[in-house]
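Here's a quick tour of one protein structure. Have the sequence and the 3D view ready, and follow along.

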Amino acid sequence: MRTRLTDLAEQAGVSTATVSRVLNGKAGVSSETRQAVLAALDLLGYERPEKLRNRSAGLVGLVVPELTNPVFPAFAQTIESLLSEHGYTPLLCTQSPGGTTEDEYVEMLLDHEVDGIVFVSGLHADSLAGRERYERLRSRGMPIVLVNGFAEGIDAPFVSTDDVAAIELSVRHLESLGHRRIGLAIGPDRFVPAQRKQGAFADALLRHGLVEDPASAADEHTVVTLFSVEGGQAAAVELLDSGHTAIICGSDLMALGAIRAARSRGLDVPADVSVLGYDDSPLIAFTDPPLTTVRQPVAAMAQAAISALLTEIGGARAPRTELLFQPELIVRGSTGAVPPAR
């Protein structure tokens, strides 16, 4: 037991006496300290004592897209942790092509009498999808929060990364390195974040004097593909063929595909072509080369989403204006000075 207390204390950054008080359910310990000890128990593989197992305040649904893109597990893990801190049990619903649909998951969540639902990059982000599903939920009084993808007219809080700011950071960085032929590899343009990035890209190229006509940004410098490694690779092939020396990608996975395309041509990243991603997914700093990317503020966005949801669950009304969070440019090894003319 002494070794266990010592290990837990070291992991949680508290004294063994504090660990003992938490394990024995005694008063005089702050909620933050108690949470740190519980996290230490979980991380070190110890089973929580029965008296420390929280009784759930209710169920909350969390609907996310497929988990192959690491940014979605990052959102899921952060949101689940925040819900648990507030006593709620999250029910994670993950989608995959040909699998359970968002609407089917919602029906299941309603059957489980959830207290609210968080949608991350759901059908609300698809400009071609109907809004009726969310209107029906709201007509039933179901609290919902929608992350990354604004849809006019839905009576719910929205939390998004500022896509316009993300593109401006990207173009400004590459232009400062001397690049004049900058391309954009982006996913299907029916999705709101992709639409916003495309519009911002055309504006940024025009503002930085890289094009004279904004229409050429779409015609000559943008390739619409899939949000995947393969999509990024296909887009990069096309952009490299048209003489681009830098490629901005709509996701980190697409950026990895763009690097693969460059190397298949015998090109070095970043000596011959610069590649810039989006998300700053976990582990992306350890790619070869480490990826320059625009970081989504996942933790801050998740905190805002859960705060809004709990406000709604509590019977108050959260703001309906879209909360836009500022991204951050993370410069690593995949971008560099423009190469000599090839």
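At the start of H7, a side-chain oxygen of aspartate 162 comes to within 3.1 Å of the backbone nitrogen of valine 164. Keep in mind that this is a predicted model, where local features need pLDDT of at least 70 and side-chain atom pairs count only at pLDDT 80 or more, while totals for chains, interfaces and linings use all residues. Residues are numbered from 1 along each chain as its sequence is written, and side-chain values use heavy atoms, with hydrogens and water left out.

**Helix H7**
- H7 covers residues 163–176 and has 14 residues; helices here are DSSP runs of H or I with at least four residues, strands are E runs of at least two, and both are numbered from the N terminus.
- From first C-alpha to last, H7 reaches 20 Å, close to the 20 Å expected at 1.5 Å a residue (that is 1.5 Å times one less than the number of residues).
- Among the buried residues of H7 are Ala166, Ile167, Ser170, Val171 and Leu174 (buried means under 20% relative accessible area, with a 1.4 Å probe and protein chains only).
- After H7 comes glycine 178, with a positive phi near 95°.

**The largest nonpolar core**
- This core has 26 residues, and Leu62, Phe75, Ile79, Val118, Val120, Val147 and Val159 touch the most other members (a nonpolar core is a set of buried Ala, Val, Leu, Ile, Met, Phe, Trp, Tyr and Cys residues joined through side-chain atoms within 4.5 Å).
- Elements giving two or more residues to this core include strand E1 (58–64), H4 and helix H12 (298–313).
- H12 gives the most, with 8 residues.

Terms used
Buried < 20%, exposed > 50% of the residue type's maximum accessible area, 1.4 Å probe, protein only. Polar contact = N/O pair within 3.5 Å; in protein donor to acceptor, adjacent residues only side chain to side chain.
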